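Please look over the sequence and the structure shown here before reading on. The report below then moves through the structure one topic at a time.

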Amino acid sequence: MAVTIISPSIQPHNDLHLDATSNLVMALDEVAIGQHIRQRLLFWKREWFLDLDAGIDWRADVFALRPEQKELADAVIKLEISKTPGVVEIEEYSSRYDRASRGLIVERVRVMTDTGQALTVTVSG
């Protein structure tokens with residue numbers, strides 16, 4: 001049985017979503033799960049002073065790896081996605097190294113949620 005997940009709605013540029021009357025908009029179920037995945041992937045380990053273990057250690061676990069070790073970097077990212085409440089399984093995942101920016105770009109994440117709905121998440125703008 002799926003638990004209803006409720007969280008504040010976050011706009012693509014990471015601001016809280018307010019309606020026309022300046023009330024906070026809430027995200028439910030799949031939308032909340034998708035936002036939580038995106039937030040987890042954008043969060044750097046030791047960024048939040050209340051929980052220094054939250055987030056991905058991008059410097060040590062991802063960016064310190066060579067491009068031919070991309071599978072290890074993907075495993076770190078997939079683990080963070082799978083730890084997201086409401087995620088049952090990762091159905092599709094794709095990423096690529098971008099030599100120009102010297103970074104890893106998560107292109108597509110598709111997960112099955114505990115509500116029985118498939119969800120596609122866009123991480124970067």
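This is a predicted model: local features need pLDDT of at least 70, side-chain atom pairs count only at pLDDT 80 or more; totals for chains, interfaces and linings use all residues.

As background, most residues other than glycine have a negative phi.

A second case is Arg-102, which has a positive phi of about 55 degrees although it is not a glycine. Arg-102 is placed in the loop between strand 3 and strand 4, and it is exposed, with a relative accessible area of 75%.

## A buried aspartate in a loop

The loop between helix 1 and helix 2 also holds Asp-57. Is Asp-57 buried or exposed? Its relative accessibility is 15%, and therefore Asp-57 counts as buried, since the buried class covers values under 20%.

Gln-35 has its place in helix 1, which spans residues 29–42, and it is buried, with a relative accessible area of 12%. Leaving out residues up to four places away in sequence, Gln-35 touches Ser-7, Pro-8, Ser-9, Ile-10 and Ala-27. One of these, Ser-7, is 28 residues from Gln-35 along the chain, and the C-alpha atoms of the two are separated by 8.7 Å.

Arg-38 is likewise found in helix 1, and with a relative accessible area of 14% it is buried. Its contacts, not counting residues up to four places away in sequence, are Pro-12, Asn-14, Val-121, Thr-122 and Val-123. Between Arg-38 and Val-121 there are 83 residues of separation in sequence, while their C-alpha atoms are 7.0 Å apart in space.

## The largest nonpolar core

In soluble globular proteins, nonpolar side chains tend to be buried together. Here the largest nonpolar core has 19 residues, and those that touch the most other members are Ile-37, Leu-41, Ile-77, Ile-81, Val-109 and Val-111. Two or more residues of this core come from each of helix 1, helix 2 (58–63), helix 3 (70–82), strand 3 (87–98), strand 4 (103–113) and strand 5 (118–121). The largest share, four residues, is given by strand 4.

Apart from its neighbours within four places in sequence, Ile-77 is in contact with Leu-41, Ile-56, Trp-58, Tyr-93, Leu-104 and Val-106.

## The chain as a whole

The protein chain has three helices and five strands, which follow one another along the sequence in the pattern β-β-α-α-α-β-β-β. Its radius of gyration is 15 Å, close to the 14 Å that the globule rule gives for 125 residues, so the chain is as compact as a globular protein of that length. Taken along the principal axes, the C-alpha atoms fill a box of roughly 50 × 30 × 30 Å.

Of the 125 residues in the chain, 30% are buried. Among contacts between residues at least 6 apart in sequence, 42% join residues at least 24 apart. The accessible surface comes to about 8,000 Å², and 53% of it belongs to carbon and sulfur atoms. Finally, the chain carries 14 positive and 19 negative charges, whose mean positions are 7 Å apart.

Notes:
Residues are numbered from 1 along each chain as its sequence is written. Side-chain values use heavy atoms; hydrogens and water are left out. Buried means under 20% relative accessible area, exposed over 50%, partly exposed in between (1.4 Å probe, protein chains only). Contact means heavy atoms within 4.5 Å. A nonpolar core is a set of buried Ala, Val, Leu, Ile, Met, Phe, Trp, Tyr and Cys residues joined through side-chain atoms within 4.5 Å. The radius of gyration is taken over C-alpha atoms; the globule rule is 2.2 Å times the number of residues to the power 0.38. Accessible areas come from the Shrake-Rupley method with a 1.4 Å probe; for residues, only the protein chains shown count as cover. Lys and Arg count as positive and Asp and Glu as negative; His and the chain ends are not counted. The place of a charge is taken as NZ of Lys, CZ of Arg, CG of Asp or CD of Glu.
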